[in-house]
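Visitor: Could you walk me through this one? I would like to ask things as we go.

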Amino acid sequence: MKRTNRFITILIYIFLYIPMAVLVVASFNTGKNITHFDGFTLQQYVKLFKDDGLLELLRNSLIVSVLASLLATAFGTVAAIGINGLNPKLRKVAMNLTNIPMTNPDIVTGVSLSLLFVFVGSKLLGQKNSLTFWTLLIAHVTFNLPYVILNVMPKLKQMDESLTDAALDLGCTHLQAFFKVTIHEIMPGILSGAIMAFTMSLDDFVISYFVTGLDFVTLPVEIYSYTKKPIQPKIYAMFTLLFLLIFVLMVISNVIQLMGDKKRQVARGK
């Protein structure tokens with residue numbers, strides 16, 4: 001039985017990572033045909049960094065991702081603390097409401113936000129171009145909030161509440177106790193939520209497609225138009241770099257979680 005489970009697990013990982021391996025190999029291929037490796041080259045990466053258009057799209061995606069992850073992390077952390085302070089019944093209701101946006105289809109979320117932004121922009125603000133950079137940023141913050149909340153909540157539950165009480169007894173205000181005690185205890189959850197929010201925002205296409213205006217276009221939205229024609233090999237190089245970036249961030253997130261758990265175990269052992 002164990003051998004069967006291992007075989008199935010290995011098979012699953014093969015199916016998960018073979019497409020990425022093909023992409024990485026294609027980014028170093030001298031030929032344009034991904035079914036045949038003609039030779040090793042770095043020219044695709046050189047062409048990528050000489051393409052001002054693609055670099056501008058990547059810059060736009062990074063700008064939105066960084067800002068959205070920072071805002072979502074700040075609001076999500078505050079929301080998690082507020083939810084944690086509710087009584088058990090209200091907390092359960094709040095968490096169920098938090099989970100709904102994550103299970104809701106992206107296309108439904110994208111269309112709903114688009115309709116909302118168009119209505120507010122045209123009817124209430126009188127703008128002709130209702131979809132702008134700000135609507136894109138608001139949309140990214142919105143769908144990232146649940147991920148931050150779900151990363152911070154477990155750390156709040158694991159936290160020893162007596163630490164905050166001790167800080168209050170020693171003369172700290174609630175705000176001082178938060179910055180001196182609480183935020184340090186839940187920092188692994190905050191960082192993990194921020195990293196997840198960044199990765200979700202960086203590669204989002206469906207929601208971005210419906211809320212993006214003509215003045216600010218992200219890389220995933222523009223790449224969609226490339227699928228209607230032969231993809232240039234330098235795009236493979238772009239995808240490879242993005243994959244490596246996401247992979248490194250996920251490793252960092254796991255390391256942060258492990259360090260936080262180890263620190264907690266050591267503290268309990270003492």
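This is a predicted model: local features need pLDDT of at least 70, side-chain atom pairs count only at pLDDT 80 or more; totals for chains, interfaces and linings use all residues.

Visitor: Which residues of helix 4 are buried?
Guide: They are Ala94, Met95 and Thr98, where buried means under 20% relative accessible area, exposed over 50% and partly exposed in between, with a 1.4 Å probe and protein chains only. Seen down the axis, these buried residues fall within an arc of 100°, so they line one face of helix 4; the arc is that of the directions from the helix axis to the C-beta atoms.

Visitor: And what's on the other side of helix 4?
Guide: Lys89, Lys92, Leu97 and Thr103 are exposed there, while the cover over the buried residues includes helix 3 and helix 6 (133–158).

Visitor: Switching to Thr73, is that one buried or exposed?
Guide: Thr73, found in helix 3, is buried, with a relative accessible area of 10%. Leaving out residues up to four places away in sequence, Thr73 touches Val148, Ile190 and Ala194, a contact being heavy atoms within 4.5 Å.

Visitor: How much space lies in the largest pocket?
Guide: About 460 Å³. A pocket is an open set of points on a 1 Å grid over the protein atoms alone, where a 1.4 Å probe fits, with protein on both sides within 12 Å along at least five of seven lines; lining residues have an atom within 4 Å of a point. A volume is the space filled by probe spheres set on the points.

Visitor: What lines the largest pocket?
Guide: There are 17 lining residues, and Leu202, Asp203, Phe239, Leu242 and Ile246 lie nearest the centre. Helix 12 gives the most to this lining, with five residues.

Visitor: And how much space is in the second largest pocket?
Guide: About 220 Å³, and its lining includes Ile81, Asn84 and Phe178. Helix 3 (52–84), helix 7 (161–169) and helix 8 (174–185) each supply at least two lining residues.

Definitions and conventions. Residues are numbered from 1 along each chain as its sequence is written. Side-chain values use heavy atoms; hydrogens and water are left out. Helices (H or I, at least four residues) and strands (E, at least two) are DSSP runs, numbered from the N terminus.
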